[in-house]
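Subject: Structure for you to look at

Hi,

Here is the structure I promised to pass on.

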Amino acid sequence: MRFMIMVKANAESESGEPPSQELFAAMGRFNEELVNAGVLLAGEGLKPSSQGARVRFGGGRRTVVDGPFAETEELLAGFWLIDVKSLDEAIAWVERVPCEEGEVEIRPVFEPADFEPHLSEELHEAELRLRERVTTQQHL
Amino acid sequence: MAGTGTAAADKTHRAIEAVWRIESARLIAGLARFIRDVGLAEELAQDALVAALEQWPESGVPNNPGAWLMSVAKRRAIDLVRRKENFARKLEEIGHRLEVEGEGVDLEYDPALDGEIGDDLLRLVFTACHPVLSTDARVALTLRLLGGLTTDEIARAFLVAESTVAQRIVRAKKNLEKAKVPFEVPQGEDRARRLSSVLEVIYLIFNEGYSATAGDDWLRPELCAEALRLGRVLVGLVPKEPEVHGLVALMEIQASRSRARTDAAGKPILLLEQDRSRWDQLLIRRGLTALEQAEKLGGAHGPYALQAALAACHARARTADATDWERIAGLYEVLSKVAPSPIVELNRAVAVSMAFGPAAGLEVVDELVDVPALKNYHLLPSVRGDFLFKLGRLPEAKAEFERAAELTRNSRERDLLLDRARECS
């Protein structure tokens, strides 16, 4: 299962100052742990909202609003995309994030199975019989 | 319904499972280095898990759960060594070291330790995939020791009885002991052979998951994710081995298509008919990067890198029509020299016909007609019939389609083939 792990912004991350050497090193070690465990798919740190923008939709119009944005705790400062077995495992990883304070949100990513209709027994049987065909012929 | 006490305990249990999943391989690997016995290391790790299940619901999950488990397991190891006389020899060997290191376990993260853990993990990978073990045993042991899967989970994923898997694992541990397999990373000539055994096991796990279908136990498709994870871990452990990157590239690209492989009713869709917008671009990108890495390390002609390169040809093509069939035919030609197999040849025939026309494809496939391994393989007459049909040799094509229909065990496919046979008259 894929999870998006979102690190919320704070005054420091919004200030645009680079993180302290210490935090930078700690994050590096944490990232390395994720890579070594084979669970990290992607991850990035985000520049402050002052360097970003929003596009608002409404009344058939699009309005561009430049940053910064005030509601700091609703902003993101970075994310990881990880592939783990369960929400519990995602939580166990997030508990290791080298954060002193603040909040990190974990959200499951939709999987194809979430959209698949329930299969009837008959269809399932038919599919089992088709299995050989899919696995043996990659290009045929 | 469960009261709050039970709910809290349940939550802790799930947290422990998650910790186990993250820590178990490192734990077993670290212990195995001390006691030089993978089977015993696993038992000690299990003991530590039991201790966690007993204590954590009361005390809460410790800040550094991995170090906690390791320190408990090491203490158990010392007890065990002390208790059992037949371990006297081992006591002399390792008892002192254990005692020194077992007492004051550093509960803080120690980056200096990481390199060592990596070495231990690699030793564990090579041991679990040792060629003295049967393929089934290697697969089961790898999932158990490196994936942290339970016997029950492995059994469900492979559609076999739990007792079968349990026996496999017990026997595998015994065989490792009997063969006196050292807990080490093989060097020299042996290394390549041993590494290919490791890659084979990981790819087997991947394919087992890939062949799972929508009605299966959810653990089956999970095997793909597990194999991918093991592959990515292995890349970190042996970053200079091109074939490891090749295998990871192959798995990432194949996994990128998992969303597009079946229609809404769960019916499989062939590669060229898949909706490419459903391919996972993140995995494709990861796969292409891994393939580049394999090639940069001089491994472009490794069997896994070649298969990854083939998969990459499809991944790079925006539409099925844009497929570079000439390149695919060329890659199959190299692959058929590196890892000769009639199936590869049959695939090459198809690629050749797509690139250079049905007559060229027929030439390749005609060489396969007498190959015993393909005697009852329905895709051979099916492919040959297709070439003949395109060349306008209808009576011959008809006979081939009918033969293919006779050989296939799949009713939908049989109908399709008989339709094609009818088109020939």
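First, the ground rules. This is a predicted model, in which local features need pLDDT of at least 70 and side-chain atom pairs count only at pLDDT 80 or more, while totals for chains, interfaces and linings use all residues. Residues are numbered from 1 along each chain as its sequence is written, chains are lettered from A and ligands numbered from 1 in the order in which they are written, and side-chain values use heavy atoms, with hydrogens and water left out.

**The two chains**

Chain A has four helices and six strands, and along the sequence they come in the order β-α-α-β-β-β-β-α-β-α. Chain B has 19 helices and zero strands. (Both kinds of element are DSSP runs, numbered from the N terminus: H or I over at least four residues for helices, E over at least two for strands.) Of the 140 residues in chain A, 34% count as buried; for chain B the figure is 53% of 425 residues. Buried here means under 20% relative accessible area, exposed means over 50%, and partly exposed is in between, with a 1.4 Å probe and protein chains only.

I also looked at contacts, meaning heavy atoms within 4.5 Å. Taking contacts with a separation of 6 or more, residues 24 or more positions apart account for 76% in chain A and 63% in chain B.

Two packed helices are described by the angle between their axes and the distance between the axes. The axes are lines fitted to C-alpha atoms, for helices over the stretch in contact, and the angles run from 0 to 180 degrees between N-to-C directions.

In chain B, α10 (residues 219-237) and α11 (residues 242-256) have axes that come within 9 Å and cross at roughly 150°. That makes α10(B) and α11(B) roughly antiparallel (over 145 degrees; under 35 is roughly parallel, 65 to 115 roughly perpendicular, and the rest oblique). On the α10(B) side the contact uses B:Ala227, B:Leu228, B:Gly231, B:Arg232, B:Leu234 and B:Val235, and on the α11(B) side B:Val244, B:His245, B:Val248, B:Met251, B:Glu252 and B:Ala255. These divide into eight nonpolar, two polar and two charged residues. (Nonpolar covers Ala, Val, Leu, Ile, Met, Phe, Trp, Tyr, Cys and Pro; charged covers Asp, Glu, Lys and Arg; the others, Gly among them, are polar.)

Now for α9 (residues 189-210) of chain B: its axis and that of α11(B) come within 10 Å and cross at roughly 5°. So α9(B) and α11(B) are roughly parallel. Among the α9(B) residues in this contact are B:Leu199, B:Tyr203 and B:Phe206, and α11(B) contributes residues including B:Val244, B:Leu247 and B:Met251. The contact of α9(B) with α11(B) divides into 11 nonpolar, two polar and one charged.

**Where chain B touches chain A**

B:Arg232, in α10 of chain B, is buried, with a relative accessible area of 8%. Leaving out residues up to four places away in sequence, B:Arg232 touches A:Gly38 and A:Leu41 as well as B:Val248, B:Glu252, B:Leu283 and B:Arg286.

**Loops worth a look**

B:Asp37 sits in the loop between α1 (4-35) and α2 (38-59) of chain B and is buried, at 17% relative accessible area. The side chain of B:Asp37 reaches the backbone nitrogen of B:Gly39 at 3.0 Å, and a polar atom of that side chain also lies 3.0 Å from the backbone nitrogen of B:Leu40.

B:Asn64, in the loop between α2 and α3 (65-83) of chain B, is partly exposed, at 23%. B:Asn64 and B:Val19 are 45 residues apart in sequence, and their C-alpha atoms are 9.9 Å apart in space.

Lastly, some backbone geometry. Most residues other than glycine have a negative phi, and most peptide bonds are trans. B:Leu159, however, has a positive phi near 55°; B:Leu159 is in the loop between α7 (151-157) and α8 (162-178) of chain B and is exposed, at 54%. B:Lys180 has a positive phi of about 50°, lies in the loop between α8 and α9 of chain B, and is exposed, at 69%. In chain A, a cis peptide bond joins A:Gly67 and A:Pro68, with omega about 0°, and A:Pro68 is in the loop between β4 (61-66) and β5 (76-83).

Cheers

Definitions and conventions:
A polar contact is a pair of N or O atoms within 3.5 Å; within protein, one must be able to donate a hydrogen and the other to accept it, and residues adjacent in sequence count only if both atoms are side-chain atoms.
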